[in-house]
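Student: I would like to learn how to read features off a model. Can we take them one at a time?

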Amino acid sequence: CCRGGAGAGREWVAWSRGGYRVLHKLWVRTWPRDAVGGPGQLFRIIKIADDRGLAYCLYIRALSSVNLGVCNLLPFPVLDGGHLVFLLIEWFMGRPPPPVVKETAQWIGLVCLLFLMLTVTGYDLLHLFKGTG
């Protein structure tokens, strides 16, 4: 489950790759969309992990933290990955994009992110009422 030193770095890389593989499977629809969970699903998983002991609980919490970091680095305008994209654009163009372009992208990204948050929370509620979550 848990390793220290260089093994921890390899584990982090493996978790990160796994996170991107899951996102890819969701994008190309080889995984059902309702397999995604929101805050309710995360709470349920952490509760189960907590019941299994401290080591497993810390393992799950670290895994969820890495997954959050993976999602944060996606090239989405309101996330850190989106800011990195704008910095790359600025580097290639030699000047920042016009403020209206950045603002429009940020608003579109925010609306999409809010829609995603509502969707996964809806899946949480669906699982709760179906008794599968």
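Student: Is leucine 42 buried, partly exposed or exposed?

Tutor: Start with the classes: buried is under 20% relative accessible area, exposed is over 50%, and partly exposed lies in between (1.4 Å probe, protein chains only). Leucine 42 has 39% relative accessibility, so it counts as partly exposed. This is a predicted model, where local features need pLDDT of at least 70 and side-chain atom pairs count only at pLDDT 80 or more, while totals for chains, interfaces and linings use all residues. Residues are numbered from 1 along each chain as its sequence is written, and side-chain values use heavy atoms, with hydrogens and water left out.

Student: Which helix holds leucine 42?

Tutor: Helices are DSSP runs (H or I, at least four residues), numbered from the N terminus. Leucine 42 lies in helix α2. Phenylalanine 43 is also placed in helix α2. Its relative accessibility is 61%, so phenylalanine 43 counts as exposed.

Student: At what angle do α2 and α3 pack?

Tutor: Axes are lines fitted to C-alpha atoms, for helices over the stretch in contact, and angles run from 0 to 180 degrees between N-to-C directions. Helix α2 spans residues 39-52 and helix α3 residues 54-72. They pack at about 155°, with axes 7 Å apart. That makes α2 roughly antiparallel to α3. The cut-offs: under 35 degrees is roughly parallel, over 145 roughly antiparallel, 65 to 115 roughly perpendicular, and the rest oblique.

Student: Which residues of α2 and α3 meet?

Tutor: Contact means heavy atoms within 4.5 Å. From α2 come Leu42, Ile45, Ile46, Ala49, Asp50 and Arg52. From α3 come Tyr56, Cys57, Ile60, Arg61 and Ser64. By class, this contact has seven nonpolar, one polar and three charged residues. Ala, Val, Leu, Ile, Met, Phe, Trp, Tyr, Cys and Pro count as nonpolar, Asp, Glu, Lys and Arg as charged, and the others, Gly among them, as polar.

Student: How far apart are leucine 42 and isoleucine 60?

Tutor: In sequence, 18 residues; in space, 9.7 Å, C-alpha to C-alpha.

Student: How many aromatic pairs does a search of the whole structure find?

Tutor: Rings of Phe, Tyr and Trp (its six-membered ring) pair if their centres lie within 6.5 Å; planes under 30 degrees apart are stacked, over 60 edge-to-face, and the rest tilted. The search finds two pairs. Tyrosine 56 and tyrosine 59 have ring centres 6.3 Å apart and planes at 25°, so this pair is stacked. The two tyrosines are three residues apart in helix α3, about one helical turn. Tyrosine 56 is partly exposed, at 30% relative accessibility. Tryptophan 91 and phenylalanine 92 form a tilted pair, 5.1 Å centre to centre with 50° between the planes. Tryptophan 91 and phenylalanine 92 are exposed.

Student: How many disulfides does the structure hold?

Tutor: A disulfide is a covalent bond between the sulfur atoms of two cysteines. The test here is a pair of cysteine sulfur atoms within 2.5 Å. The structure holds zero.
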